[in-house]
Amino acid sequence: PCFDQLRTKEQLGYIVSSGIRRSNSVQGFRVIVQSDRHPEYLDSRIEAYLHSVKQTIQEMSEEEFTSHIEALASKRLEKPKKLSVKNGRIWSEILSQHFNFDRDNVETEALRQLTKADILNFYETHIENASPARHKLSCHVTSTAPDGAGNQPAGTGTETAADPAETASSGSDAAANVIDDFTEFKSNHPLFPLPRPFVELQKFKR
């Protein structure tokens, strides 16, 4: 849906993708758009799309919701087609010290327990713009070439300019903090505690 809206319909850029980001035991949802348009405009269109997701969830039938669950479960349970893929999964568990070598089956079982209400509650807590629990990091990489986005006005749209009412309803990042020094920003934040191993390492000892 994200690719269809931002790439196919709005044609914001050649590269548009979305998905889960896992790093150092912290998970997040990310949207990537590579475009010749100004990052602030792209950010507003991403927010407008995220705002529309709530209605999509609310109007989704139980049959469609179940089909999405089963499609994802089937994808997770596919056997690796290459030994390198299987090797990567095993080493990922070792390096993260989670040791959940049956992760696909464990997470698929949990996935099939989810309800539409669970997904809607997650959206309202972690993704909806108005949620106080929402955390967002927007990274803007701009071109400094003469005709690059870095030399365009911040509000630059295009022939597919956003509907003002839609943009307004998606919320505002007017109170966002601009990060100029990444090292200082990271040093002033606490670290998340590492999750406990799925299986205690001692159980692997013979």
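**A loop and its surroundings**

Modeller: Glutamine 97 is found in the loop between helix 4 (83-96) and helix 5 (103-111); helices here are DSSP runs of H or I with at least four residues, strands are runs of E with at least two, and both are numbered from the N terminus. The model is a predicted one, in which local features need pLDDT of at least 70 and side-chain atom pairs count only at pLDDT 80 or more, while totals for chains, interfaces and linings use all residues. Residues are numbered from 1 along each chain as its sequence is written, and side-chain values use heavy atoms, with hydrogens and water left out.

Although glutamine 97 is not a glycine, its phi is positive, at about 60 degrees. The loop between helix 4 and helix 5 also holds phenylalanine 99, a non-glycine residue with a positive phi of about 60 degrees. Phenylalanine 99 counts as buried because its relative accessibility is 10%; buried means under 20% relative accessible area, exposed over 50%, and partly exposed in between, with a 1.4 Å probe and protein chains only.

Between alanine 110 and alanine 73 the C-alpha to C-alpha distance is 10.0 Å, with a separation of 37 residues in sequence.

Another loop, between helix 6 (116-127) and helix 7 (164-169), contains arginine 134. Arginine 134 counts as buried because its relative accessibility is 16%. Its side chain makes a polar contact of 2.9 Å with the side chain of glutamate 47; such a contact is a pair of N or O atoms within 3.5 Å, where within protein one must be able to donate a hydrogen and the other to accept it, and residues adjacent in sequence count only if both atoms are side-chain atoms. Leaving aside residues up to four places away in sequence, arginine 134 touches Glu47, Leu50, Thr125, His126, Ile127, Glu128 and Asn129, contact meaning heavy atoms within 4.5 Å.

As for the whole protein, its secondary structure consists of eight helices and two strands, in the order α-β-β-α-α-α-α-α-α-α along the sequence. Of the 206 residues in the protein, 21% are buried. Among contacts between residues at least 6 apart in sequence, 65% join residues at least 24 apart.
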